[in-house]
Amino acid sequence: MAAPGLAGLFAVYKPAGVAWSRVREALETRLLRELNAAPQRAPRQQVRFLPRPAPEGGGAVELVAASVPVLADHPLVRGPRFRKLKIGAGHRLDVKASGVFVLGIGHGNKLLTDLYNCHLTKVYTVGGLFGKATDDFSDTGNLIEKTTFDHITREKLERILAVIQGTNQKALLMYSNIDMKTQEAYELAVKGLIRPMGKSPPIITAIRCLQFALPEFQLEIHCLHETQQYLRKVVHEIGLELKSSAVCTQVRRTRDGVFTVDDALPRTQWNLQSIQEAIRNCQLKVQTELEKTLAAHEENSPLHQLDGTQLSMLCRSLREQHNTAESCQRGDGQQKERG
């Protein structure tokens, strides 16, 4: 049964130290409890013929039509009205990471797939600490070594970041499968839509230093197709490039496509009313982004660029090929019958 006002996308803020599956389970439990606690419609009525003493007495009984509630509609018989909600998870966050976590309810699960196919950029705030290395690149892992870091400056760090961004920009263009000398590439670049529209390795589209106070530093990373562990490894490699070592102290997602931290509901607002309102508030920008991205790439596809005459010729050619194939199949069948 569809829940009223619960069909679309919304975002919550996932705290660090909690699995994304636990977040989804907590949301489903809370929503089911509130939906089933809401006032329900009155039971249906049905006409039954009930016996009663006849007016003339003498032990005679007559049947009288009466309206009685349908017992199948009684809460003790029917049970909870809502037993399960189909809540889909968008780009997931591992246990150590926190930040914007997008979910879908009802037809929002299809919208999750559509947004996934848009390959939108995600933004992270990543904290780092120079001077030590661990087995999992995080500050809570098993310590492997300690190193000096006094020689590191912000200028040296930013030079390494520029090299990382330059290398990833080349990968972005390569996996976008776009000829940069074409009008298609120009139109997509103007709209900011140059991105891989298929599978690719993790790609960093932008990276900059937000804070630098040895031994700590903080980065802002814009990326595609990443995992949080990949971002921790980036911090580790930055330490190696600077002739030192570094561990990741924080991975916090601040944007997932069109959803920002401002859209993400904190733990205190994981309730029916807040989620319904969040779904309504996000409908327009989700629809706008889907139309902009998918339409732009369809317009620049080879099939979409054919004019009316060319498209008619292509369709006629396909029909002729189909008819030829059918004729061959019929001929083969007749030969088999004669044989």
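**Group meeting: a walk through the predicted model**

Hi everyone, let me start with I238: beyond its neighbours within four places in sequence, I238 is in contact (heavy atoms within 4.5 Å) with L157, I160, L161, I164 and L219. Apart from the core that I238 belongs to, there is another core, of 15 residues, including L9, L112, C118 and A264. By a nonpolar core I mean a set of buried Ala, Val, Leu, Ile, Met, Phe, Trp, Tyr and Cys residues joined through side-chain atoms within 4.5 Å; buried is under 20% relative accessible area with a 1.4 Å probe, protein chains only.

A word on the source: this is a predicted model, where local features need pLDDT of at least 70 and side-chain atom pairs count only at pLDDT 80 or more, while totals for chains, interfaces and linings use all residues. Residues are numbered from 1 along each chain as its sequence is written, and side-chain values use heavy atoms, with hydrogens and water left out.

Back to the largest core, then. It has 47 residues, and F10, V12 and I238 touch the most other members. Helix α1 (residues 20-37) is the top contributor to this core, with six residues.

Overall, the protein has eight helices and 13 strands; these are DSSP runs, H or I of at least four residues for helices and E of at least two for strands, numbered from the N terminus. Of the 339 residues, 38% are buried.

Now, the pocket. How much space lies in the largest pocket? About 240 Å³, a volume filled by probe spheres set on grid points joined across faces, edges and corners. On a 1 Å grid over the protein atoms alone, a pocket is an open set of points where a 1.4 Å probe fits, with protein on both sides within 12 Å along at least five of seven lines, and lining residues have an atom within 4 Å of a point. Among the 15 lining residues, H91, Y116, K122, H225 and E226 are closest to the centre. Both α3 (108-118) and β6 supply at least two residues of that lining.

You'll find K122 in strand β6 (residues 122-130), and K122 counts as buried because its relative accessibility is 3%. The side chains of K122 and E226 are joined by a polar contact of 3.5 Å, meaning a pair of N or O atoms within 3.5 Å, one able to donate a hydrogen and the other to accept it.

Finally, T254 sits in strand β11 (residues 246-256). With 18% relative accessibility, T254 counts as buried too.

Conventions: Buried < 20%, exposed > 50% of the residue type's maximum accessible area, 1.4 Å probe, protein only.
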